[in-house]
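The sequence and structure come before the discussion.

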Amino acid sequence: MRIKDVLYKFSTRLHVAVFFRSKGRVFGRAMGMPMVGLVTVGRKTGQRRTTMLTAPIADDERIVLVASFGGDDRHPAWYRNLRANPDVQVLLRGRTRSVHARTATGAEREALWARIIKIHGGYERYQRRTDRQIPVVVLEP
């Protein structure tokens, strides 16, 4: 296991605990974006897995997430889990809702990516670090 993975798991557990106990009032924003508590089902274990993510686009119709993993060459575990089990839950702005996840492709992905990198340029830097195309995930009711 890489040191990055250990640090990520520790910080995620702490963030998740505070975020969910406060219903998103504490740690509810990062880098100018709303935070989302994402609950997936583990693709191997079948257990519920919770992680904290920023949502560069979040409105009444959809929530958009970026599976960047900081520009790592691997997809993050939460993304691999939701690909196997796309029906997930999110906590956003104090409200928990069930949504269906899908990966944006083609023109939709290009349009979303252009909006995303205007909101947070760090995602563009992450893309330059890796050869994989960073997935853009759309969560809808």
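Which element gives the most to the lining of the largest pocket?

## Basis of the model

The model is predicted, and local features need pLDDT of at least 70, side-chain atom pairs count only at pLDDT 80 or more, while totals for chains, interfaces and linings use all residues. Residues are numbered from 1 along each chain as its sequence is written, and side-chain values use heavy atoms, with hydrogens and water left out.

## The largest pocket

Helix H1 gives the most to this lining, with six residues. H1 (3-21), strand E3 (48-54) and helix H2 (77-84) each supply at least two residues, where helices (H or I, at least four residues) and strands (E, at least two) are DSSP runs numbered from the N terminus. A pocket is an open set of points on a 1 Å grid over the protein atoms alone, where a 1.4 Å probe fits, with protein on both sides within 12 Å along at least five of seven lines, and lining residues have an atom within 4 Å of a point.

The volume of the largest pocket is about 680 Å³, a volume being the space filled by probe spheres set on the points. Of its 23 lining residues, Tyr8, Lys9, Arg49, Ala77 and Asn81 lie nearest the centre. The lining divides into seven nonpolar, eight polar and eight charged residues, with Asp, Glu, Lys and Arg counted as charged, Ala, Val, Leu, Ile, Met, Phe, Trp, Tyr, Cys and Pro as nonpolar, and the others, Gly among them, as polar.

## The second largest pocket

About 520 Å³ of space lies in the second largest pocket, whose 22 lining residues include Tyr8, Met31, Met52, Leu53 and Thr54 nearest its centre. H1 again gives the most, with five residues, and the lining comprises 14 nonpolar, seven polar and one charged.

## Arg80 in helix H2

Arg80, found in helix H2, counts as partly exposed because its relative accessibility is 31% (buried means under 20% relative accessible area, exposed over 50%, partly exposed in between, with a 1.4 Å probe and protein chains only). The side chain of Arg80 reaches the backbone oxygen of His75 at 2.3 Å.

## Aromatic pairs

The whole structure holds three aromatic pairs, defined by ring centres within 6.5 Å for Phe, Tyr and Trp (its six-membered ring), with planes under 30 degrees apart stacked, over 60 edge-to-face and the rest tilted. Trp78 and Tyr79 form an edge-to-face pair, 6.2 Å centre to centre with 85 degrees between the planes. Trp78 is buried at 6% relative accessible area, and Tyr79 is buried at 4%.

Notes. A polar contact is a pair of N or O atoms within 3.5 Å; within protein, one must be able to donate a hydrogen and the other to accept it, and residues adjacent in sequence count only if both atoms are side-chain atoms.
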